[in-house]
Amino acid sequence: MKFSIQKDRFAQSVQDVLKAISSRTTIPILTGIKIDATEEGIKLTGSDSDISIESFIPQEEEGKVLVDIQQTGSIVLNARFFNEIVKKLPSEKAEIEVISSFQTVIRSGQAEFSLNGLDPDEYPHLPQIEEGEVFKLPTDLLKALIRQTVFAVSASETRPILTGVNWKIEEGQLVCIATDSHRLAWRKAAVETDFNAEYNVVIPGKSLNELSKILDDSQEPVEIVITDNQVLFRAKHLLFYSRLLEGNYPDTSRLIPTDSKTKLELNTKEFLQAIDRASLLAREGRNNVVKLSMIDENLIEISSNSPEIGKVTEQVRSREIEGEEIKISFSAKYMMDALKVLEGTEINIQFTGAMRPFVIRPENDDSILQLILPVRTY
Amino acid sequence: MESFYPKNGRVVLHVDMNSFYASVEIAHNPSLRGRPLAIAGKPEERKGIIVTCSYEARTFGVKTTMTVWEAKKLCPNLIILPPNFERYRGASREIFHILRRYTPLVEPVSIDEGYLDITSSYALGTPLAISELIQQELLERLMLPCSIGIAPNKFLAKMASNMKKPLGITVLRKREVPAVLWPLPAVAMHGVGEKTADKLAGLGIMTIGDLAQASDHVLKNRLGVRGIQLKERANGIDRRKVDPEAANDFKSVGQSITLPKDETKQQELLRVLLQLSERVAVRLQRKKVLGESLSVMIRYKDWKTITRSKKLSGPIEKAEDIFAEAKQLFLKNWSGNGIRLLGVTLSDLTEKEQADVQLDLFSYEQEANKASLAEALDKLDKKYGEGVIQPASKKKPAGKEAAPDMDGKKSE
């Protein structure tokens, strides 16, 4: 194998596949990056067996030559060192050559590295995904879906299924749900598809986080293929495979209240800032709890009390308060997480009681909701 | 008066009520005065255990932890009463109310003893005069006798109050420590139990004087930092302050039950555990606290006692939660041998106001229902008295109920 390649483009691809590589893997070869040189270009692969990422650099793009392949072939190189080396190469071009028994030379400018590689034939095969039913989402929408839900997955392994985001596809609609059982994020979007298939899968939160980091902010469509135990995201020159979580995701639809006893309309930014201020003192406590109560028909009060430190109260104007008076306590962190991902300048909150979940939605937008369970204070 | 007080240093009193439960019963029913009296769990059970007895009973040789049957043999006329903890708690409240009028620095240690720092109370008289006033007032107003120790620190005050009972007042100065304390056996020292005494004996330390002169190195090796602390105490040094707040962050809430016979039946033991869990829950709720650590104490028929603890994932207060944890811990550690006494204790307590519970999406509905049930029970209890409604499992044929041990006192 021998090729020379444009360094910046190469370094970017190495960075991308590195997202899948874990230093704590039990399979030693997975600490490496696999490089395949073919007539078409260079393919880089990284995997931790849960996530696998393949990045492709074509020989030529928009009339510009990116890679000059002198000899095809494959090699696996230690990812951590290789990444550092490529990033710091002195010239705009890099030349990679496997000289003998996996020993690989990397040349750039006057620098020359020699790295001991591993046998590429030992590298596991990536999951084979049949070109079956494909559906498409614009990249920016996919990233928004991830951002608006993945933060709510559970960080604890006590219920492994909750560490993933539930994706349900029905009649051209994708519904994403994440919950750690204390709050829940729900987002709906239309998908482009030629098929009528229905899916109900759970994608690990970690996979979605990594995917979101690699994708750029374009409107180019990302193709998505779902199988029994894998999901594949295909963007330009990029393949992202993730294992799916096994097990049934709990049915949350009946847990989301549909009625409302009290409804508030608030300015998102004002409310977020008030919660942020109230949590300055609450943060020290166990649950970072703030209290919300009503003062009159268009004024609410946010307060927090940490006996050792002090207390804070702040009044926030509500455009409208409908229904019964309520006093409720909740985690300031959950509220801020939810408000930060809601787009729109105005939100409404619907309560059904101090001991029941409440729902936050942007005004005039039913494609997203955030649900939070209150904190019971004695 | 100030001349009777040290220029640097403190004056600490230890007030210790004399045979408290028995005294409260006598105060309540003066016809019992002068007669041998003992408080025992379920007097009709021959194997019930004596919790406290009056001085008259003690002259017959009756002692705490004896069975009713043994005590009756020594003193056939012994009057035995069941404990009435509500009454004792009430008396305790009145005692501390009186003590707080002499100084705000009152630290309750248990239901019937407390420390007072009277360093700044010189306007009321000399330390001895104040002690006499306290003793008289408690006797005249509540008809309750006490012994008082006067010393420069808590340890010496505690040792002093123990020297003359009943109705003693003892001054113990630091310079008197070698003459007064050193000849006593190490086990007589407050803070040295039988186990520690055994360890000390292994080091050739038999008396408090031996301990006072023991090598730091040896003590530290055998007993850790506590060894050094004990040596300091033996030399009359104790830097602990009288802390009125100490009782507010009560370290634990626990209950134990001495069983009417050595019990080996798992079903019966679990029933007792449930009963204990319910009592602990009631006391937690009364004190408005939740606990985050749970321990189970098992005393076998040979008096071998084990205590096993567990840190919980969150604070709990409900009987069913306490029972679930206690059951698990008990079954894991029970050897299968006959059991004499069982105890359940919750520690690592937080006040309810600060113990918030994050509700869970998948269980909030049950939580909400349980919360309203607990509130309803609370109201009924307030209206009709405690325990008017109980889980059916608590209903047992009369006479089989086991007796609670010393409520409010920590067993060591």
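Buried here means under 20% relative accessible area. With that in hand, welcome to a set of close-up views of a predicted model.

**View 1. Strand β7 of chain B is covered on both faces.**

**View 2. Strands β1 and β8 of chain B both pair with β7(B).** Strand β1 (residues 12-17) of chain B runs antiparallel to β7(B), and 6 bridges join the two. One pair to look for is B:V15 with its bridge partner B:I148. The pairing of β7(B) with strand β8 (residues 169-171) of chain B is parallel and comprises 3 bridges. There, B:T170 in β8(B) stands opposite B:G149.

**View 3. A left-handed β-α-β unit in chain B.** The unit is made by β7(B), helix α6 (residues 154-161) of chain B and β8(B). Do stop at the loop between α6 and β8 of chain B, where B:P166 has its place. The peptide bond leading from B:K165 to B:P166 is cis, with omega near -10°.

**View 4. An open antiparallel sheet of 5 strands in chain A.** Follow the strands in the order β7-β1-β9-β10-β11. The edges are held by β7 (67-71) and β11 (111-116) of chain A; each has a single partner strand, so one side of each is left without a neighbour in the sheet. On average, neighbouring strands are turned by 15° against each other, direction ignored. Strand β1 (residues 2-6) of chain A is joined by 5 bridges to strand β9 (residues 93-100) of chain A, and these two run antiparallel. Within this pairing, A:I96 in β9(A) is the bridge partner of A:F3.

**View 5. Two helices pack on the chain A sheet.** Helix α1 (residues 7-18) of chain A touches β1 and β9 of chain A, and its direction makes about 95° with that of β1(A). Helix α2 (residues 79-88) of chain A touches β9, β10 (103-108) and β11 of chain A; its direction makes about 170° with that of β11(A).

**View 6. A:F3 in the largest nonpolar core.** This core has 65 residues, and A:F3, A:F10, A:I35, A:I42, A:F82, A:W167 and A:F233 touch the most other members. At least three of the core residues come from each of domain 1 (2-122) and domain 2 (135-252) of chain A. Beyond its neighbours within four places in sequence, A:F3 is in contact with residues including A:F10, A:I35, A:I42, A:V67 and A:I96. A second, separate core holds 33 residues, among them A:A278, A:I328, A:M336 and A:L339.

**View 7. Helix α3 of chain A is mostly covered.** Of the 11 residues in this helix (residues 139-149), 8 are buried. They are A:T139, A:L142, A:K143, A:A144, A:L145, A:I146, A:Q148 and A:T149.

View 8. You will find A:E171 in the loop between β13 (164-170) and β14 (173-179) of chain A, exposed with a relative accessible area of 68%.

Note on methods: Residues numbered from 1 in each chain as written. Chains lettered and ligands numbered in written order. Predicted model: local features only at pLDDT ≥ 70, side-chain atom pairs only at ≥ 80, totals over all residues. Heavy atoms only, no water. Core = buried A, V, L, I, M, F, W, Y, C linked by side-chain atoms within 4.5 Å. Buried < 20%, exposed > 50% of the residue type's maximum accessible area, 1.4 Å probe, protein only. Domains from an automatic or database assignment. Contact = heavy atoms within 4.5 Å. Pairing = 2+ DSSP bridges. Helix = DSSP H or I, 4+ residues; strand = E, 2+ residues; numbered from the N terminus. Axes fitted to C-alpha atoms, helices over the stretch in contact; angles between N-to-C directions. Right-handed = clockwise from strand over helix to strand, strands pointing away.
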